[in-house]
Amino acid sequence: MKTKKILLSLLILFLSLILIIVFSNLIYFTNIISSSELVNGYVQREYVQIELYGKTWDDDLSTISGKLKILDNNGNEIAVIERSWAGAYLAVEFNIVSFDGKQYIFPHCIYGKNRIYEGKDLKKKGINLEKYYIDNKECLLLGNGCSPKSRHELYKIERFSNSVFFNLLAGEKSIYTVDLSKCKTGYKYSINYSESEGFTLKEI
């Protein structure tokens with residue numbers, strides 16, 4: 001009898017936690033709708049710049065070094081990542097978030113790889129880029145010309161897009177990978193996005 005009461009109590013507790021989580025996300029979702037009304041969708045612009053320094057090989061293990069710059073919507077530099085990655089090539093991933101009739105683009109990660117064409121089983125050990133443009137609950141992809149409130153609202157959208165409830169609540173997120181295998185050492189490249197061309201990689 002005691003065992004049944006304990007199991008029943010645990011079940012009620014579990015269901016209560018689920019309801020609290022769902023309810024809190026529904027409340028947050030309504031706040032995000034307000035956020036999308038205050039922040040425009042993607043801007044046709046340059047998102048990052050890349051420069052490759054070179055490759056090294058050691059016992060069949062390759063390393064590639066370079067520099068990545070993250071830019072705001074005014075073309076100003078937010079952060080510079082300068083380091084080496086394990087692999088022969090680099091790739092940059094972007095999160096494309098569609099919500100409330102608008103689209104938002106967030107640089108997600110840069111990682112090294114040993115083959116140009118990736119399989120689904122590829123294990124990516126890259127650098128998360130969000131931490132470089134999220135600061136003090138503001139998304140710095142919106143430049144200084146935007147208000148701190150607007151940057152905070154975009155931060156809320158970016159954070160919520162990573163929630164397991166996002167796709168369930170009328171949101172959609174996809175990942176686009178820009179392959180850098182054709183980039184040459186010593187040259188600078190720009191990753192841009194436009195509605196007509198999508199993502200493009202251009203030498204600058």
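I began with burial: a residue is buried under 20% relative accessible area, exposed over 50%, and partly exposed in between, using a 1.4 Å probe and protein chains only. By that rule Glu51 is buried, because its relative accessibility is 15%.

I noted what I was working with. This is a predicted model, where local features need pLDDT of at least 70 and side-chain atom pairs count only at pLDDT 80 or more, while totals for chains, interfaces and linings use all residues. Residues are numbered from 1 along each chain as its sequence is written, and side-chain values use heavy atoms, with hydrogens and water left out.

**Entry: salt bridges**

I recalled that side chains of opposite charge can pair when their charged atoms come close. The cut-off I used: a side-chain nitrogen of Lys or Arg within 4 Å of a carboxyl oxygen of Asp or Glu is a salt bridge. I searched the whole structure and got seven salt bridges.

I looked up Glu51 again. Its side chain forms a salt bridge with that of Lys67, at 3.9 Å from N to O. Lys67 lies in strand 2 (residues 61–71) and Glu51 in strand 1, so this pair ties together parts 16 residues apart in sequence. Strands here are DSSP runs of E, at least two residues long, numbered from the N terminus.

Next I took Lys113 and Asp179. Their closest N and O atoms are 2.7 Å apart, in a salt bridge. Lys113 is in strand 5 and Asp179 in strand 9 (residues 171–179), so the pair ties together parts 66 residues apart in sequence. Is Lys113 buried or exposed? Lys113 is buried, at a relative accessible area of 3%. Asp179 is partly exposed, at 28%.

I also found Lys69 bridged to Glu77, with 3.7 Å between the closest N and O atoms. Glu77 is partly exposed at 47% relative accessibility. Lys149, Glu153 and Lys156 are linked in a network of salt bridges.

**Entry: Ile50**

I found Ile50 in strand 1 (residues 45–58). Ile50 is buried, at 2% relative accessibility. I asked which residues touch Ile50, leaving aside neighbours within four places in sequence. Its contacts (heavy atoms within 4.5 Å) include Lys67, Val92, Leu180 and Tyr189. The C-alpha atoms of Ile50 and Lys67 are 5.8 Å apart, and the two residues are 17 apart along the chain.

**Entry: His108**

I found His108 in strand 5 (residues 102–113). Its side chain makes a polar contact of 2.9 Å with the side chain of Glu130. A polar contact is a pair of N or O atoms within 3.5 Å; within protein, one must be able to donate a hydrogen and the other to accept it, and residues adjacent in sequence count only if both atoms are side-chain atoms.

Notes. Helices (H or I, at least four residues) and strands (E, at least two) are DSSP runs, numbered from the N terminus.
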